[in-house]
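Dear colleague,

Please find below the structure that I am handing over to you. I would be grateful if you read the notes after it with the structure open beside them.

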Amino acid sequence: MRRALTTLLLLVLMAGFGFGVNRFLGTKRHAQSAQTVVAVPSQTKPAFVLPGTLYLTQHGTLYRLNGGVFTDLHLPATGTWMQPSTVPGSQSIVAVLRNSAYSDLYLIGGWGQVIRKLTDNAISTSTIQFNHWVYWPRVAADGSTIYVSYDSPKTSDSYRVDFAVWTGMLTSKPTARELTVPYQYTGGDVQATPLANGQVLYAKYQISGANVFSRIALQTRPLALPVFLTAIDDDCSQPAVSPDQTQVAMICEGGTGLQGTRLEVASLTGTKLGTPRLLVDNCLCAAPAWAPDGSGLVYDAPADSTGHFQLWWIAGAAGPAPKLPKEVTTSLDLDALSPAAWLSNQ
Amino acid sequence: MYFLPAIGVALADTGHTIQRTIAPPPPSGGVSASTQTPQPTAAAPGQPFTVLLLGSDNDAKFSSDHVLTQSMILARVDPTTGHVVMLSIPRDLFVPLAGGGTDKIDKAYSNGGASAAVTTVERDFGVHVDHYAWIGLLGLVKLIDKVGGIDVVTSNPVLDDFYPADISGSNPYAYERVAVLPGPQHLDGIHALEYVRSRHGDLRSDFGRSQRQQQVLLALRAKAKLLGIADLPDIADAMANDFSTDMSIPQVAGLLPIASNVTLSNVQQVILAPPYSSSAQVGAQDVLLPNWNLILPEVHKFFPLV
């Protein structure tokens, strides 16, 4: 009996010690864990309701946000869905479906029905470099001309892969014609944004010295030399043109050592940008997108040091007195490479 | 109290601590570098120290004890001022090796492990290295995943049609296509590895890659703010055979507050691009010839002489 009691006592002491050690080590963990639980958008509510309908992506899934409710579009899970973009004059969107060696464009109805596959970039399984990437689709105001970034046809004996801006018809051949000439071995030209006058804004990468930079460029004619709207040291990209075509929101990285960004807005007059106005400094801001009525813009940025991107809203971003940014979502992990596609309610 | 030694041993074990023992290298056969073996003396606590960070492709193409170091970053850390200098040493730099002969510096580790890599750097650059840390491909992936991913402003579209498919596939010589798109984003381990490992589509080749590697290290520094000492055994355990260092768990733990206190304005990044080096062909190898007249004064601005 005595032996049994001693054993029991020892077990209690050992368990107590183990618990104590556990608690002690627990206190040495940082209060905010590096690993955080990310919510599924359709199981959350935004902090406030934005007008119209936004399409957003998280972890390769496309969501519709309308009236404060996220809805999973339940698109086929055969790759990573990203970069939704509106089709003017309709409630449809164009989106990218990315696979391991290629990506394709799809035309999708507002509630997620796949209307049509627009490209076929899976060329070869044996010589994978003959496959193609297509990203950043943007449809012009006519609702039928599309602009994309596309890696030009290649040979098998070169390492070169650069994006150029290509254009074509939405429902026939989106990559019918090359519009820009990228600098070689830089990654090339991305994020095309068509203007009402037929010109195209985009971000052009170039290497200067030992560093790589991006500049907002304007393509006035196919394959012509571009007009640069920002300086090389500003390192700006992701141009988003306001609905009235008078303002350009952009993400600039100059002077941050690629450890942060700034969200800026500048007026657009002809082939010139005005002096940029700083909306958010010292952030990881990305993916600006204007509200359909131009009343403000949304963008992605982390809200805390876990680094997951949330949606933010700035009212009056085009005006002289923009409001402070307001966090629209919490606990999400939005794809910062996919600006929101924003449709007005009709 | 009888549990405490066991806890200590367990912590040390999960840290995969390796005591560095630098054996004198064999005669160097005409190599001009000094043959004097540096003493592995660690810097006193609180004093500035130098650490050699080594990264290897340790996939199935290589036997586990003969891997090259695709990444070599010499870092000088001053805990008092929070000043950090990171010097990327190009993998193709053609230098005298500690084990004898002259070859690409990435072969030093392959020939003689971490001690040979450390000795080669110490002799060729005339600096003292206090510690080293080596990480393999999967180690980096696991480390980044373990800290919940990193935030990186990727510099440009990093496109590579000849990226080695040696982690996921059965054929380590196969290729895959990689497209890391530009801009701020939250990267998991696999995609961060693609960003720091790809080089075929970059005009700057290995120099561009070195810059991206330093960038990811800085992003990891930001994550150090979220870690405590109790997280380290978990992390070390996850990296298993893909990480080694001559630092103990308490020493690594001591680095966490330093890393989190380092501000970006206090970080100096050095890349030995031309004119510090120049391309050449030696035998059948494409190499980089060091311009020591430029390199050494630059290095000794930041790293004390032996």
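The notes below cover the interface, the salt bridges and the cavities.

Please keep in mind that this is a predicted model.

I begin with the interface between the two chains. In chain A, 62 residues are in contact with 46 residues of chain B. The size of an interface is often given as the accessible area lost when the parts come together. For chain A and chain B, the buried area is about 4,500 Å², and carbon and sulfur atoms give 63% of that area.

Which residues form the salt bridge between the chains? The rule finds one salt bridge across this interface, and its partners are B:Arg177 and A:Asp151, whose closest N and O atoms are 2.6 Å apart. Side chains of opposite charge can pair when their charged atoms come close. Between chain A and chain B there are also nine residue pairs in polar contact, counted with both residues at pLDDT 80 or more.

Several elements of chain A give two or more residues to the side that touches chain B, including helix H1 (2-28), strand E4 (80-86) and strand E14 (211-219). Helix H1 of chain A gives the most, with five residues. Sorted by class, this side of chain A has 29 nonpolar, 25 polar and eight charged residues.

I turn next to the salt bridges of the whole structure. Over all chains, the search finds 17 salt bridges. One of them joins A:Lys204 to A:Asp189, with the closest N and O atoms 3.0 Å apart. A:Lys204 belongs to strand E13 of chain A and A:Asp189 to strand E12 of chain A, so this pair ties together parts that are 15 residues apart in sequence.

The last topic is the cavities. The search of the whole structure finds five cavities of 30 Å³ or more. The second largest cavity holds about 130 Å³ of space. Which residues lie closest to the centre of this second largest cavity? Of the 14 residues that line the cavity, the closest to its centre are A:Trp136, A:Arg138, A:Gln191, A:Gln238 and A:Pro339.

Strands E8, E12, E16 (236-241) and E21 (286-290) of chain A are the elements that give two or more residues to this lining. Strand E16 of chain A gives the most, with three residues. By class, the lining of the second largest cavity divides into nine nonpolar residues, four polar residues and one charged residue.

With kind regards

Conventions
Residues numbered from 1 in each chain as written. Chains lettered and ligands numbered in written order. Predicted model: local features only at pLDDT ≥ 70, side-chain atom pairs only at ≥ 80, totals over all residues. Heavy atoms only, no water. Contact = heavy atoms within 4.5 Å. Buried area = accessible area lost by both parts, 1.4 Å probe. Salt bridge = Lys/Arg side-chain N within 4 Å of Asp/Glu carboxyl O. Polar contact = N/O pair within 3.5 Å; in protein donor to acceptor, adjacent residues only side chain to side chain. Helix = DSSP H or I, 4+ residues; strand = E, 2+ residues; numbered from the N terminus. Nonpolar A, V, L, I, M, F, W, Y, C, P; charged D, E, K, R; others polar. 1 Å grid on protein atoms, 1.4 Å probe; cavity = no way out; pocket = protein on both sides within 12 Å on 5 of 7 lines; lining within 4 Å. Points joined across faces, edges and corners; volume = space filled by probe spheres on them.
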